[in-house]
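Subject: Structure for your reading

Dear colleague,

Please find below the structure that I am handing over to you.

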Amino acid sequence: MDYIKSLLFLIFFIPFLSALGSVLRKNKKGFTVNMLFGYITYSFQAIGGITVQLLKIDYFIYMIYMIVLMIVLVCLIIKMKNISFNSFKDIKNILVNHFKKWYLLYIISFVLLSCALLMTNYLWVGNHQDDGWYLLKVALAPKMGNQYDYNYTAGFPADLGFVRGVNTFELDYAFWSDLLHIYPSVFCKATMAYLNYFLVVCGF
């Protein structure tokens with residue numbers, strides 16, 4: 001079920017980033033460029049995450065911030081691109097034409113992800129190093145309130161530090177993983193890993 005929800009998330013999030021980039025570029029064509037512009041713009045949501053972590057504000061506030069932000073961005077896209085209910089009537093043809101043109105992006109990204117997942121020794125070692133820290137933060141952040149001064153790997157209080165305080169991808173992943181009830185390791189190692197490879201491929 002986690003993989004089905006991950007697929008549905010990507011079906012929503014990839015067009016969302018592309019549409020956001022398209023709005024910023026005033027509806028200029030170019031799916032890959034729009035993807036990159038959209039992702040860079042979306043990344044500025046980190047401002048809220050940095051504020052929450054450095055000021056030790058409860059995670060619940062960050063969750064509300066992200067929900068409001070996503071609603072605002074989706075409404076902005078709908079308004080700027082004049083999307084109506086009728087636009088979804090031809091969704092099948094839109095998706096078919098899209099995949100006919102860009103299928104290589106999805107295939108190459110999947111191959112890269114598969115290669116990474118086959119490196120089991122690297123994945124195992126990573127779990128004992130930094131991977132264990134961020135995976136546990138993604139899993140625990142929504143449940144620990146404002147307890148950011150914590151060593152998630154060792155399981156005891158420790159100063160968060162400035163560097164980790166301005167690094168907010170764990171909060172972003174925690175938000176989506178918790179909202180969609182996707183197991184954190186699946187969301188980080190498969191769902192978002194695929195999206196990251198997809199962005200890299202778009203860059204080429």
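Which residues touch the most other members of the largest nonpolar core? They are Phe16, Tyr42, Trp176 and Phe198, in a core of 50 residues. A nonpolar core is a set of buried Ala, Val, Leu, Ile, Met, Phe, Trp, Tyr and Cys residues joined through side-chain atoms within 4.5 Å. Buried means under 20% relative accessible area, exposed means over 50%, and partly exposed lies in between (1.4 Å probe, protein chains only). The elements that give two or more residues to this core are H1, helix H2 (31-42), H4, helix H5 (91-118), helix H7 (130-140), H9 and helix H10 (184-203). H10 provides the largest share of the core, with 12 residues.

Two remarks on the basis of the values are needed here. This is a predicted model, in which local features need pLDDT of at least 70 and side-chain atom pairs count only at pLDDT 80 or more, while totals for chains, interfaces and linings use all residues. Residues are numbered from 1 along each chain as its sequence is written, and side-chain values use heavy atoms, with hydrogens and water left out.

The overall build

The protein has 10 helices and two strands. Helices (H or I, at least four residues) and strands (E, at least two) are DSSP runs, numbered from the N terminus. In order from the N terminus, the elements run α-α-α-α-α-α-α-β-β-α-α-α. The C-alpha trace spans about 55 × 40 × 30 Å along its principal axes. For 204 residues a compact globule would have a radius of gyration near 17 Å, and the 18 Å of the protein agrees with this. That radius is taken over C-alpha atoms, and the globule rule is 2.2 Å times the number of residues to the power 0.38.

Buried residues make up 39% of the 204 residues. The accessible surface comes to about 12000 Å², of which 70% belongs to carbon and sulfur atoms; such areas come from the Shrake-Rupley method with a 1.4 Å probe, and for residues only the protein chains shown count as cover. Among contacts (heavy atoms within 4.5 Å) between residues at least 6 apart in sequence, 69% join residues at least 24 apart.

Aromatic residues

Rings of Phe, Tyr and Trp (its six-membered ring) pair if their centres lie within 6.5 Å; planes under 30 degrees apart count as stacked, over 60 as edge-to-face and the rest as tilted. By this rule there are 20 aromatic pairs. One of them joins Phe9 and Trp176, a tilted pair with 5.2 Å from centre to centre and 55° between the planes. This pair links distant parts of the chain, as Phe9 is in helix H1 (residues 2-24) and Trp176 is in helix H9 (residues 169-180), 167 residues apart. Why do Phe9 and Trp176 count as buried? Phe9 has a relative accessible area of 4% and is therefore buried, and Trp176 is buried because its value is 7%.

Another pair is formed by Tyr59 and Tyr62, with ring centres 5.9 Å apart and planes at 45°, so this pair is tilted. Tyr59 and Tyr62 are three residues apart in helix H4 (residues 59-80), which means about one helical turn separates them. Both Tyr59 and Tyr62 are buried.

Ring pairs also link residues into a cluster, whose members include Phe9, Phe12, Phe13, Phe16, Tyr42 and Trp176. Leaving aside neighbours within four places in sequence, Trp176 is in contact with Phe9, Phe12, Phe13, Tyr42, Met66, Met70 and Phe187.

Ser18 lies in helix H1 and counts as buried at 12% relative accessibility. Not counting residues up to four places away in sequence, Ser18 touches Phe31, Asn34 and Met35.

Val166 is in the loop between helix H8 (162-165) and H9, and is partly exposed, with a relative accessible area of 33%. Val166 and Ile50 are 116 residues apart in sequence, yet 5.0 Å apart in space, C-alpha to C-alpha.

Lys56, in the loop between helix H3 (46-54) and H4, is a residue other than glycine with a positive phi, near 60°. His181, in the loop between H9 and H10, has a positive phi near 55°. Lys56 is partly exposed at 30% relative accessibility, whereas His181 is exposed at 59%.

With kind regards
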